[in-house]
Amino acid sequence: AIGVTESMAMYDVDGELAPMLATSWSVSEDFITWTFKLRQGVQFQKGYGEMTAEDVAWSHEMIATSERHPSASDAWNIWLNENGSVTTPDDYTVALNTGEPFSDIGIKELMATPRSSVAYIVSKKQNDEIGEDETNRNTAATGPWEIEESRSAEFWRLMTAVEDHWRRTP
């Protein structure tokens, strides 16, 4: 979904993890609590409003409970650990308690583009309004291109550039 979706972080030209939708992140000394600070003002496509911590937490929960996502079990262990919790102290902060010390490898795999197992951030509001099936066909994410048309298992046509995209309009 290159161009339609974006993730919390990306790998830069030197192969280092760099901010994308998250501007920063930190981990507690006991390696249990991760705190993500989100970029403010990032808009979802199709008029679904500003991305918030609620969208980030919800997107990771959807990945964790997915039957299709290649990292669903890792996402479950990280984001939905029975001994952990996810809180959103404000609209731009996500506090992830993994319940037990967790390797940063799995967390970074879910955070950063390009990876096939990355967690993309999508609009919870869209899913609530039109349902999961239609959302899956016509996702409102934060990338610079919108899905104009699609056919399941055939194609996505990306013809609409997102005006005033937070990075730049293509």
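Visitor: How do the residues lining the second largest pocket divide into nonpolar, polar and charged?
Guide: The lining of the second largest pocket divides into three nonpolar, three polar and five charged residues, where Ala, Val, Leu, Ile, Met, Phe, Trp, Tyr, Cys and Pro count as nonpolar, Asp, Glu, Lys and Arg as charged, and the others, Gly among them, as polar. This is a predicted model, in which local features need pLDDT of at least 70 and side-chain atom pairs count only at pLDDT 80 or more, while totals for chains, interfaces and linings use all residues. Residues are numbered from 1 along each chain as its sequence is written, and side-chain values use heavy atoms, with hydrogens and water left out.

Visitor: OK, which residues line the second largest pocket?
Guide: The lining is made by Arg68, Glu132, Asp133, Asn136, Arg137, Ser150, Arg151, Ser152, Ala153, Phe155 and Trp156. A pocket is an open set of 1 Å grid points with protein on both sides within 12 Å along at least five of seven lines, and lining residues have an atom within 4 Å of a point.

Visitor: And which element gives the most to that lining?
Guide: Four residues come from α5, which gives the most to the lining of the second largest pocket. The elements giving two or more residues there are α5 (132-137), β9 (149-151) and β10 (155-157), with helices of at least four residues (H or I) and strands of at least two (E) taken from DSSP.

Visitor: Switching topic, what lines the largest cavity?
Guide: Met8, Phe36, His60, Trp79, Ile107, Leu110 and Met111 line the largest cavity, a cavity being a set of points where a 1.4 Å probe fits but cannot get out. Helix α3 (residues 104-111) supplies the largest share of this lining, with three residues, and by class the lining has six nonpolar, one polar and no charged residues.

Visitor: Which residues of α1 meet α2?
Guide: Ala57, His60, Ile63 and Ala64 in α1 meet Ala72, Ala75, Trp76 and Trp79 in α2, contact meaning heavy atoms within 4.5 Å. The residues of this contact divide into seven nonpolar, one polar and no charged.

Visitor: What does Ser26 touch?
Guide: Leaving out residues up to four places away in sequence, Ser26 touches Thr33, Trp34 and Thr35. By contrast, 28 Å separates the C-alpha atoms of Ser26 and Ala140, which are 114 residues apart along the chain.
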